[in-house]
Amino acid sequence: MNVAVLHAAGYAGRELIGLLSRHPNLTLSAVTSRTFAGEPVSVAHPELTGRADLAFTTNDQIDPSSLDAIVVAAEHGQAAAVIAGLIDGGYEGVIVDLSADFRFKDAALYPTWFGREHPRPELLAAFTYGLVDVHAPYEAGTKWIANPGCFATGLSLALYPLGQLLGTFDAHVTALTGASGSGTRPKAGTHFPTREGNVRAYKVLAHQHLPEVQAVAGSGVRIHFVPVSGPWTRGIWGTVQVDLPAGVAPENLADAFQTVYANAPSVRLWPGQLPELRWSVRTPYCDVGWIVRDGHAVIGFGLDNLLKGAASQAVQNVNLALGLPVMAGM
């Protein structure tokens, strides 16, 4: 089966090309970039030299009818136009979108959290939120998938079993992310010289991934999230702190996580300990562990923001939509 990656010159695009170029069931047929059109992928991604024998093209140079799946790695706000063009042009294959443009069913969330109206609100209901470890298997015929955000993946996987167990509670979350989560363009607050040796909180209690997490965790979960810029290149590590109601024992918490993720091969559980970030980096896994003491639970999580938080989860979504094993190509 043939797949293309559109707008593949960024960090997530690099990871997608690497995964798909060695996928046992898929052929990476095309990659696009306006900046690098006509150049080998190794010009933008030297790490892929000898691994991906492709050159970038532009979007209008590919034939969508020849493709079984298209992964769109465009920026927030740009992806909606690209995807609407594919749909309006009659493309009938799988679409996986890495941006936030189709993650919400309610169009009113976009001006609130992203400062703009959604250009095609009538398409929102047709997209499935692709948190594979919670929502798989998908309904037959699922073709259009919104890939979750990186912070949202870690927070959701840590909170979802708690929501199932406790219903209503307060969750106090602090999570740190590496520099690659800010994209390839250096900015004053995210450029690595300002991050090295430094830790800085940002968008405190107001991060744009919160609506995603809320939808997964449940309406009874009150999430207080402090995102933090960490002094490393890739990976997200965080903790969730929760007061357990009377009568909820440590074994109840363990049962909740083990039951929810019994058939989730990309979630690794660590009972009685908090995972370290280095365990997750450069892997397709989200590591989740917990410690309970004196009626208080701390859930720790770690994942690679470019893989489980973006590219490898997108490939998992392609796999599911095409009827392949969810971990194929991992």
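Which strand pairs with β1 (residues 2-6) in the parallel sense, and over how many bridges? Select residues 69-72: that's strand β4, and the two are joined by four bridges. Strands here are DSSP runs of E with at least two residues, helices are runs of H or I with at least four, and both are numbered from the N terminus. Two strands count as paired if DSSP finds at least two bridges between them.

Before going on, note that this is a predicted model, with residues numbered from 1 along each chain as its sequence is written. Local features need pLDDT of at least 70, side-chain atom pairs count only at pLDDT 80 or more, totals for chains, interfaces and linings use all residues, and side-chain values use heavy atoms, with hydrogens and water left out.

Stop 1: Click Ala4, and then Ile70, its bridge partner in β4. Now widen the selection to the open sheet of seven strands, which pair in parallel in the order β3-β2-β1-β4-β5-β7-β6. At the edges sit β3 (56-57) and β6 (128-129), each pairing on one side only. Next, pick helix α3 (residues 79-88), which lies across β1, β4, β5 (94-97) and β7 (144-146). Against β5 the helix runs at about 175 degrees; axes are lines fitted to C-alpha atoms, for helices over the stretch in contact, and angles run from 0 to 180 degrees between N-to-C directions.

**Stop 2: helix α1.** Select 11-21. Nine of the 11 residues in α1 are buried (under 20% relative accessible area; exposed is over 50%, partly exposed in between, with a 1.4 Å probe and protein chains only). Among them are Arg14 and Glu15. The buried residues pack against β1, β2 (27-32), α2 (41-44), β3, β4 and α11, where contact means heavy atoms within 4.5 Å.

Stop 3: Go to Gln313 in α11, which counts as buried because its relative accessibility is 0%. Its contacts, leaving out residues up to four places away in sequence, include Asp133, Asn147 and Thr153. Then hop to Ser156 in α6, buried with a relative accessible area of 0%. With that sequence cut-off, Ser156 touches Leu131, Glu212, Val213, Val216 and Tyr261.

**Stop 4: the largest pocket.** Show Glu75, His76, Gly181, Ser182 and Gly183, which lie nearest the centre of the largest pocket among its 47 lining residues. The space inside is about 1500 Å³. A pocket is an open set of points on a 1 Å grid over the protein atoms alone, where a 1.4 Å probe fits, with protein on both sides within 12 Å along at least five of seven lines; lining residues have an atom within 4 Å of a point. The lining has 15 nonpolar, 24 polar and eight charged residues. Helix α1 gives the most, with three residues.

**Stop 5: the mixed sheet.** Another open sheet has seven strands with mixed pairing, ordered β9-β10-β8-β11-β14-β13-β12. Its edge strands are β9 (200-201) and β12 (267-271). Highlight β11 and β14 (residues 296-303), an antiparallel pair over eight bridges, and find Trp237 with its bridge partner Gly302 in β14. Helix α9 lies across β12, β13 (286-293) and β14, at about 165 degrees to β13.

**Last stop: Pro245.** Look in the loop between β11 (236-243) and α9 (250-260). Pro245 is partly exposed, at 38% relative accessible area. Finish with a distance label to Cys286: the C-alpha atoms are 27 Å apart.

How values were computed: Points joined across faces, edges and corners; volume = space filled by probe spheres on them. Nonpolar A, V, L, I, M, F, W, Y, C, P; charged D, E, K, R; others polar.
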